[in-house]
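Hi everyone, thanks for making time this morning. Let me put the model up, and then I'll walk you through a few parts of it.

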Amino acid sequence: MEVIEQGLGQLFMNPDPDLLRAFFQLKDRKMVNKVMTLKNAVEKFVHDGDYLAIGGFGANRTPIAACHEIVRQGKKNMGFAGHTATHDMQILSAGEVYNRLDVAYVVGLEARGLSACSRKYLQSGKVQTTEWTNYALSVRLQAAAMGVPYLPARNMMGTDTFKYSAAKTALCPYTGKKLVLLPALSPDVSIIHVHESDIFGNCRFKGIAVADKELANASKRLIITTEKLISSNEIKQDPSSTSIPYHLVDAVCVVPFGGYPGTMAGEYFSDEEHLKEWMTAEKDADKFKAFLNKNIYECKDHEEYIRINGGQVKMQELRAKELLLNKEG
Amino acid sequence: MADYNSMELMISVAARELENGATVGVGTGAPCAAAMLAQKISAPDLVIIFEAGGFGPELPEMPISVGDSRTTYRAIKAGSMGETMDYCSRGFVDYTFLGGAQIDMYGNLNSTVIGDYANPKVRFPGSGGANDFASFCWKMMVMTPQDSKRFVEKLDFLTTPGWLQGGNSREKSGLPLGAGPYKIITNMAVMDFEPNSKRMRIISINPGYSLKDVQDNCGFELLKAEKIADTLPPTEKELRILREEVDPYGYVIGRS
């Protein structure tokens with residue numbers, strides 16, 4: 001197949017599926033207890049220089065507690081998949097955790113506006129970027145999950161998004177149509193937040209899947225943060241509900257409200273006041289430093305972060321909001 | 001005549017474009033409001049689709065994120081981003097609404113950078129799902145305030161495809177055939193695209209504006225349809241539903 005055009009962007013991860021197969025050949029298949037603290041999981045599985053992907057969708061079922069822990073541990077020089085990265089990216093930008101970025105959606109927090117901190121970091125010249133789209137990153141993860149070096153698609157062509165990507169175009173050998181070829185993306189480490197998991201990492205989430213099934217399958221290492229543990233028997237009584245099976249998982253960390261201040265489908269809505277505090281604080285360097293000290297660096301863990309931001313009373317308010325209880329009278 | 005603001009006008013005009021039974025891919029804000037308004041007035045079976053995986057919800061209120069749980073409230077399916085975009089890619093989605101910091105005469109959009117890519121003056125979010133929706137959905141529409149900083153001769157960055165360089169350039173690019181920009185709805189006018197050149201063309205002018213206003217607030221020369229209509233202002237019914245049911249807190253329409 002002859003390449004017609006090639007994007008100028010850098011490809012941060014090698015898409016060779018035999019490298020991935022060699023890795024998975026050696027990955028432990030034993031169903032063992034993987035429960036550990038989030039601190040231990042991040043120490044053990046997230047390394048400086050790794051390529052990182054965060055599950056969920058910006059501030060929806062996103063492992064925010066894990067993002068805090070990564071910043072607290074001062075991880076650096078990471079690659080990052082900006083796959084509708086919103087509040088997660090804001091946190092990782094505050095810690096200057098990554099220096100290369102696959103862009104699909106970055107900097108913004110959707111209807112809430114743009115993050116001054118993420119924007120400043122991206123404009124600082126410290127971050128190398130390659131452009132993609134949300135679908136392109138999903139498809140790239142799917143390619144890695146399938147163990148193929150790329151998948152074809154029909155987006156991106158004719159645009160600067162393609163020009164600054166690391167994609168290629170070629171003619172389809174069946175139809176003669178021009179296609180964009182999206183290279184497989186296998187993150188070194190990914191973190192996904194779920195509703196419930198057993199101690200082995202068999203887990204379930206509710207609501208939209210975003211790209212988390214592709215991500216779980218594509219990742220070399222996977223940390224699960226879960227709202228709660230359930231018994232393995234419960235998983236086995238309803239196997240059609242398993243979202244991610246244990247053999248993809250390296251660590252299971254119990255973090256109630258681990259997606260706070262984001263939304264968790266059916267459990268709690270996003271804390272818009274607190275997200276606004278973030279967006280206000282980050283506009284002023286001194287205030288932001290104090291804000292980060294208070295909310296991340298001087299917090300022992302997520303439990304403390306929640307305690308200083310309204311505690312259980314706030315969590316119950318967010319639960320009522322998520323369940324639209326105000327509409328019931 | 002009813003008192004209304006330009007956002008209410010744009011949303012009402014956009015809602016009228018969405019016929020019953022169609023599928024529409026939307027984001028938060030004005031596009032979502034237009035789809036909700038259409039459902040409540042003329043298109044009860046309009047299927048609303050969100051890029052993160054929400055399919056066919058009965059939206060109880062405006063979502064804050066295209067992935068929050070409002071997007072799957074009493075929905076047909078809580079799917080995935082891949083699934084949503086696969087629907088679009090195989091021609092199942094009729095409409096989408098997009099926006100950007102800049103738009104050109106072929107309906108191409110920039111939501112990536114202002115300035116040079118390597119040293120941007122301002123870094124914006126990038127494509128997100130916009131390039132995907134615009135590549136795949138049959139008819140792409142834009143709702144935007146109109147001024148010559150936004151309607152530019154040349155984009156700083158072409159994030160999302162319109163008709164690319166016009167003529168048959170989009171066909172040649174490899175993007176799916178037959179899909180592309182359809183209507184541009186601004187505070188001043190409604191534009192479509194002349195079928196051969198694929199250049200933006202004024203088809204109706206909103207109440208209170210002149211042809212000159214529309215051209216003066218555009219950084220490129222607009223074509224003019226043979227007959228230019230007057231845009232119908234929002235009706236009492238549209239305004240009432242928009243204010244009371246769609247956006248009671250005024251998040252998008254700026255009233256409460």
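Let's begin with A:Gly74, which follows helix 3 of chain A and has a positive phi, near 65°. Helices here are DSSP runs of H or I with at least four residues, and strands are E runs of at least two, numbered from the N terminus. A quick note on the source: this is a predicted model, where local features need pLDDT of at least 70 and side-chain atom pairs count only at pLDDT 80 or more, while totals for chains, interfaces and linings use all residues. Residues are numbered from 1 along each chain as its sequence is written, with chains lettered from A and ligands numbered from 1 in the order in which they are written.

Back to helix 3 of chain A, residues 64–72: eight of its nine residues are buried, meaning 20 or more other C-beta atoms, placed from the backbone, lie within 10 Å of a residue's own. Among them are A:Cys67, A:His68 and A:Glu69.

Now over to chain B. Helix 1 (residues 6–16) and helix 2 (residues 30–41) of chain B pack at about 55°, with axes 8 Å apart. Residues in contact have C-beta atoms, placed from the backbone, within 7 Å; on helix 1 of chain B they include B:Met7 and B:Ile11, and on helix 2 of chain B they include B:Leu37 and B:Ile41.

Finally, the contact between the chains: chain B gives 46 residues and chain A gives 51.

Key: Axes are lines fitted to C-alpha atoms, for helices over the stretch in contact, and angles run from 0 to 180 degrees between N-to-C directions. Two residues are in contact if their C-beta atoms, placed from the backbone, lie within 7 Å. A residue is buried if 20 or more other C-beta atoms lie within 10 Å of its own, exposed if 12 or fewer, and partly exposed in between; C-beta atoms are placed from the backbone.
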